[in-house]
Amino acid sequence: MDSTATTSLASLWDEVSGTQPEPDLWVVAATLAVALAVVIPHGLWRISRNAITIAHEGGHGLVALLTGRTLTGIRLHSDTSGLTVSRGKPHGIGMILTAASGYTAPPLLGLGGAALLGAGRITLLLWLATALLLAMLVMIRNAYGALTMIVTGGLFVVVSWLAGPQVQAAFAYAVVWFLLVGGVRPAFELQAKRARGGAGDSDADQLSRLTHVPAGLWFFLFHAVSLCSLIGGGRWLLGV
C-alpha cells in the first residue's frame, strides 16, 4: 500500500512539474481574441472584471502577509469593487507595498503565468492558480465574495482534474491573456473616475498620503507595470 501511494505521488509530481506541449499558434491567437472580447465591450467587462478584482485584492492580501502584516479579511462586491483589511503599522514600507500591490497584481500575475506557459508548464500554472484561489477563499468575509471564489476556483478544479490536455492549454492561455489585457484597463478607469471628482480614497491617493509622492506618479507606475507586462507576457505567449 505504501509503495502504491508513493508511486502515485511520484506520478502526480511528475505530471505537475513536467512540461506539456505548447498549443498551436492559432489557439494562442484565438485565446487572445477571447480575452479581448470579454475586456473591451463594457457589458461583458462588468462581469469579467470580477476576476480582475480577485487578483487585485489577492495581491493586497499576499503582499500584506509577506511584509509581516496581519490579514484579517477580504471582501468582494457585486459592483466589482473589493476591500482587503490588514492590521499593522499604518505607515512604512509594508503598508506602501501592500497599497501598491493591488493594481499591479493582475498584470504581474499574467506576466508570471506567461513565463510558465512559455516554459511549457501548463499543469503547474493551473495547480498554482487553484491553490492560490483556495487559500484566498479562506480569507473571504462576505457571501458574494465567497460565491465568486467558489465559482472561479471550481472552474479551475474542473479544468485541472477533468479536462484533456488541449482544453487545459487553451484555458490556461485564455486566463493569462485575460490577466494581461484586463490588467491594463482598471487604472485608466480609476484615473477617469478621479478626474470626475470620484474615488478620492483610491490606492493611488493612499499611496500619495503614505509617501508624499503625487498620485499621478503612482498612476504612471500602474500604467507602466500593466503595459510592460502586456508586452513582455505577450511575447512569451506568442513565442517571439
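Residues are classed as buried under 20% relative accessible area, exposed over 50% and partly exposed in between (1.4 Å probe, protein chains only). The model is predicted, so local features need pLDDT of at least 70 and side-chain atom pairs count only at pLDDT 80 or more, while totals for chains, interfaces and linings use all residues. Residues are numbered from 1 along each chain as its sequence is written, and side-chain values use heavy atoms, without hydrogens and water.

With a salt bridge defined as a side-chain nitrogen of Lys or Arg within 4 Å of a carboxyl oxygen of Asp or Glu, the count is 4. Aspartate 201 pairs with arginine 209, with closest N and O atoms 2.5 Å apart; both aspartate 201 and arginine 209 are exposed. Aspartate 205 and arginine 194 form another salt bridge, at 2.8 Å between the closest N and O atoms. Aspartate 205 is buried, at 11% relative accessible area, whereas arginine 194 is partly exposed, at 29%. Glutamate 189 and arginine 49 also form a salt bridge (3.1 Å, N to O). Glutamate 189 is partly exposed, with 25% relative accessible area, and arginine 49 is buried, at 16%.

A nonpolar core is a set of buried Ala, Val, Leu, Ile, Met, Phe, Trp, Tyr and Cys residues joined through side-chain atoms within 4.5 Å. The largest core has 34 residues, of which Leu117 and Leu237 touch the most other members. Leucine 117 is in contact (heavy atoms within 4.5 Å) with residues including Ile122, Tyr173, Val176 and Leu237, when residues up to four places away in sequence are not counted.
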